[in-house]
Amino acid sequence: MTLSLPLALILMLQLQAHSVLLRDIATVSPSHIDATEPLDQARFQCFLGDKTSPFNSTVWTYRGRLFRCNRRDRKFACGDTLVISNVKQYDSGSYECHVNQSGFTLTAYGKIIVAPALDDYELEIVKPEGNRLVNLSCPVSSTSYPQPEVLWMANGGFVSTGLTMVVSSAGQLASITYDCMAYNDFGATNVKSFRLRKAVAEVTPTTTTKDVLSDETSGTVGVSPSASALSSDIISLTALSTSFVMNFQYWLF
């Protein structure tokens with residue numbers, strides 16, 4: 001099959017353009033800087049192929065903000081270089097280098113990463129009342145970058161993922177310990193534990209029974225009037241049960 005000259009020319013130009021794009025790929029070095037601990041300075045440099053990107057064709061952005069070339073700023077970008085001074089965890093995120101090349105905009109990324117952390121990882125006791133739903137929330141620090149994954153475990157076994165988990169205390173017969181742990185590509189957190197105590201049934205107070213009163217001075221135990229009435233009822237019920245057993249035995253013989 002013979003291609004016409006115009007079609008062959010178009011294919012050749014497309015291949016050349018493709019090879020140019022492959023050769024002139026924008027990259028940022030280093031690709032990431034760990035700011036889990038404070039740093040005096042972070043410096044990124046943008047490259048086009050194996051050369052630094054052209055000064056007048058390169059801009060840097062962070063969360064939509066364009067950096068100026070003002071060396072007195074804590075964050076400034078001049079041509080191929082971005083500098084951040086006094087780096088803190090809240091500086092985490094993706095910094096973009098944009099290079100205008102032959103009508104195309106090539107973008108590369110340098111990231112300031114922070115290993116995930118928990119704002120609080122002390123044991124927390126949760127005491128549900130009755131059969132209720134309980135919301136547990138894993139206190140992952142907002143400065144963690146990239147956004148960490150969260151795992152939940154119950155008594156050491158995996159149960160769920162996500163920042164929050166809803167559990168029910170219905171039918172719970174024993175205390176259960178729920179642990180959450182967050183992790184990303186650059187580390188993992190300590191473990192935050194929630195101990196869900198045994199569910200306590202809701203009791204409606206009544207006026208027919210009262211607590212037993214204790215006389216500490218005499219060492220005797222007294223009973224409130226309502227409790228005495230209850231004791232009489234119990235004695236009557238016991239007598240009735242005894243009478244039933246005796247009659248039943250008499251009937252057998």
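This is a predicted model: local features need pLDDT of at least 70, side-chain atom pairs count only at pLDDT 80 or more; totals for chains, interfaces and linings use all residues.

Residues are numbered from 1 along each chain as its sequence is written, and side-chain values use heavy atoms, with hydrogens and water left out.

What does D91 meet through its side chain? One partner is R74, in a salt bridge of 2.8 Å from N to O; the term stands for a side-chain nitrogen of Lys or Arg within 4 Å of a carboxyl oxygen of Asp or Glu. R74 lies in the loop between strand 6 (65-66) and strand 7 (75-78), and D91 in the loop between strand 8 and strand 9, so the pair ties together parts that are 17 residues apart in sequence. Strands here are DSSP runs (E, at least two residues), numbered from the N terminus. R74 itself is partly exposed, with a relative accessible area of 30%.

K75 also forms a salt bridge with D91, and here the closest N and O atoms are 3.2 Å apart. K75 counts as buried, at 10% relative accessibility.

The whole structure has five salt bridges. Another of them joins the side chains of D120 and K192, at 3.2 Å from N to O. D120 is in the loop between strand 10 and strand 11 (124-126) and K192 in strand 18 (residues 192-196), 72 residues apart. D120 is partly exposed at 33%, whereas K192 is buried at 1%. Through shared partners, salt bridges join R74, K75 and D91 into one network.

Now turn to the aromatic residues. The structure holds four aromatic pairs, meaning rings of Phe, Tyr and Trp (its six-membered ring) whose centres lie within 6.5 Å; planes under 30 degrees apart count as stacked, over 60 as edge-to-face and the rest as tilted. In one of the pairs, the rings of Y62 and Y95 have centres 4.1 Å apart and planes at 5°, so they are stacked. Y62 belongs to strand 5 and Y95 to strand 9, 33 residues apart. Both are buried, Y62 with a relative accessible area of 8% and Y95 with 0%. Ring pairs link F44, Y62, F67 and Y95 into a cluster.

Y95 leads us on to the largest nonpolar core, which has 22 residues, and F44, W60, L82, Y95 and I112 have the most contacts inside it. Such a core is a set of buried Ala, Val, Leu, Ile, Met, Phe, Trp, Tyr and Cys residues joined through side-chain atoms within 4.5 Å. Strand 3 gives the largest share of this core, four residues. Apart from it lies another core, of 15 residues, including V126, C138, Y178 and C180.

Finally, look at the open sheet of five strands, with the order 2-10-9-5-6 and mixed pairing; two strands pair if DSSP finds at least two bridges between them. Strand 2 (32-34) and strand 6 stand at the edges, each with a single partner strand, so one side of each is left without a neighbour in the sheet. Strand 5 and strand 6 run antiparallel, joined by two bridges, and Y62 stands opposite R65 in strand 6.

Terms used
Buried means under 20% relative accessible area, exposed over 50%, partly exposed in between (1.4 Å probe, protein chains only).
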